[in-house]
Amino acid sequence: MNLEELTRLYDFTGRSVVITGGAGILGGEMACALVGCNASVAIVDRDPALADRLIQRFEVNRGRYLVAYGDVLKKETLEEAARRIVAEFGRIDCLINCAGGNDPRATTNSGQSFFDLPEEALRFVLDLNLLGTMIPSQVFGKYMVGQHEGVILNISSMNAIRALTRIPAYSAAKASVSNFTQWLAVHMAQEYSPNIRVNAVAPGFFLTEQNRFLLTDKGSGALTDRGKKILDHTPAGRFGEPEDLLGAVLWLLSPMSRFVTGVVLPIDGGFSAYAGV
Ligand SMILES: NC(=O)c1ccc[n+]([C@@H]2O[C@H](COP(=O)([O-])OP(=O)(O)OC[C@H]3O[C@@H](n4cnc5c(N)ncnc54)[C@H](OP(=O)(O)O)[C@@H]3O)[C@@H](O)[C@H]2O)c1
């Protein structure tokens, strides 16, 4: 199903969606799909200029958009962004916590053992993924509490299900994101409203700037051993394309999934289901 067919199925007219890290590869694709479904989309990123590549795609679509500066680790920048979003769109219905990622400095390799990984790099990855999900959930989730409804969607990963080699901080951080998704789903429903739902998607392997250095050779572009192993363990036999996430994302943000909260949905071509034999 292509993007045009998908956007015909969902209508987010009158609903606003905040996407942290929305100028990135996966967040940007989600932003384009949501604008195509008539949503009012706020891209919140620490380098808003990165969103320029998306704007042409937005303008042929029907929804509205704005781009705001916000660093997911600096609460006051998110509060400032939230005030602007509410002033322009009137409300905050959905939050996608897309800012996140790994850092090569927190990755083991032949020249850098686990024992040598710098504390600062480990802390950076743990903070970006876990606190970078919790802090925006505090800031934007408060508006949902005021409205008695809303949807938060987090981005977990395959390594949250079973840790992957070489990336200890990223694996631990994404496992924490899955755990926090369950925690916040229960908390929002019990303390505030069952109409505030919190879920996550766990993307499989998508070839993006964050993992290109692990999956392909820098010089030749050929698959690394790790890239080959991943494809061998992916029943669908390919890496994911950013558009592969969209059906699940739109469904989880829409009232079609109104009784679904606290789930972490793998979108992985079967990787997490396959034992390897
Ligand atoms: N790609 C995959 O295969 C894959 C698989 C599973 C999960 N994920 C997760 O999916 C999410 C999106 O990944 P992606 O591949 O689209 O990565 P990406 O292209 O690097 O997008 C991430 C975006 O977040 C921004 N960002 C980083 N730190 C930030 C901060 N402190 N405050 C605000 N924005 C910040 C980045 O800006 P800068 O460019 O300035 O850093 C970038 O625009 C991440 O959580 C990632 O861990 C990706």
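Two strands pair if DSSP finds at least two bridges between them. The exercises below use a predicted model.

**Exercise 1. Find the strands that flank E4, and state their direction.**

Step 1. Take strand E1, residues 16-20. Four bridges join E1 to E4, and the two run parallel.

Step 2. Take strand E5, residues 150-155. Four bridges also join E4 to E5, again in parallel.

Step 3. Apply the cut-off. Pairing needs at least two bridges, so E4 pairs with E1 and with E5.

Step 4. Locate Leu95 of E4. Val18 stands opposite Leu95. In E5, the bridge partner of Leu95 is Ile152.

Step 5. Follow the chain from E4 to E5. The path goes through H5, and this β-α-β crossover is right-handed.

**Exercise 2. Work out which strand pairs with E1 over five bridges, and how the chain gets there.**

Step 1. The strand is E2; E1 and E2 pair in the parallel sense over five bridges.

Step 2. Check Val18. In E2, the bridge partner of Val18 is Ala42. In E4, Val18 stands opposite Leu95.

Step 3. E1, H2 and E2 make a right-handed β-α-β unit.

**Exercise 3. Decide whether the faces of E1 and E4 are covered or open.**

Step 1. Sort E1. Ser16, Val18 and Thr20 point one way. Val17 and Ile19 point the other way. All are buried, and E1 is mostly covered, with five of its five residues buried.

Step 2. Sort E4, residues 94-97. Cys94 and Ile96 lie on one side, Leu95 and Asn97 on the other. All four are buried, and both faces are covered.

**Exercise 4. Classify Asn97 and Ala169 as buried or exposed.**

Step 1. Place the residues. Asn97 is found in strand E4. Ala169 sits in helix H6.

Step 2. Compare with the cut-off. Buried means under 20% relative accessible area. Asn97 has 2% relative accessibility, so Asn97 counts as buried. Ala169 has a relative accessible area of 5%, so Ala169 is buried as well.

Step 3. Look for partners. The side chain of Asn97 makes a polar contact with the side chain of Asn154, at 2.8 Å. The C-alpha atoms of Ala169 and Arg123 are separated by 7.9 Å, although the two residues are 46 apart along the chain.

**Exercise 5. Do the corresponding analysis for the second largest pocket.**

Step 1. The space comes to about 390 Å³.

Step 2. The lining has 17 residues. Nearest the centre lie Leu164, Thr165, Ile230, His233 and Phe271.

Key:
Residues numbered from 1 in each chain as written. Predicted model: local features only at pLDDT ≥ 70, side-chain atom pairs only at ≥ 80, totals over all residues. Heavy atoms only, no water. 1 Å grid on protein atoms, 1.4 Å probe; cavity = no way out; pocket = protein on both sides within 12 Å on 5 of 7 lines; lining within 4 Å. Points joined across faces, edges and corners; volume = space filled by probe spheres on them. Buried < 20%, exposed > 50% of the residue type's maximum accessible area, 1.4 Å probe, protein only. Right-handed = clockwise from strand over helix to strand, strands pointing away. Polar contact = N/O pair within 3.5 Å; in protein donor to acceptor, adjacent residues only side chain to side chain.
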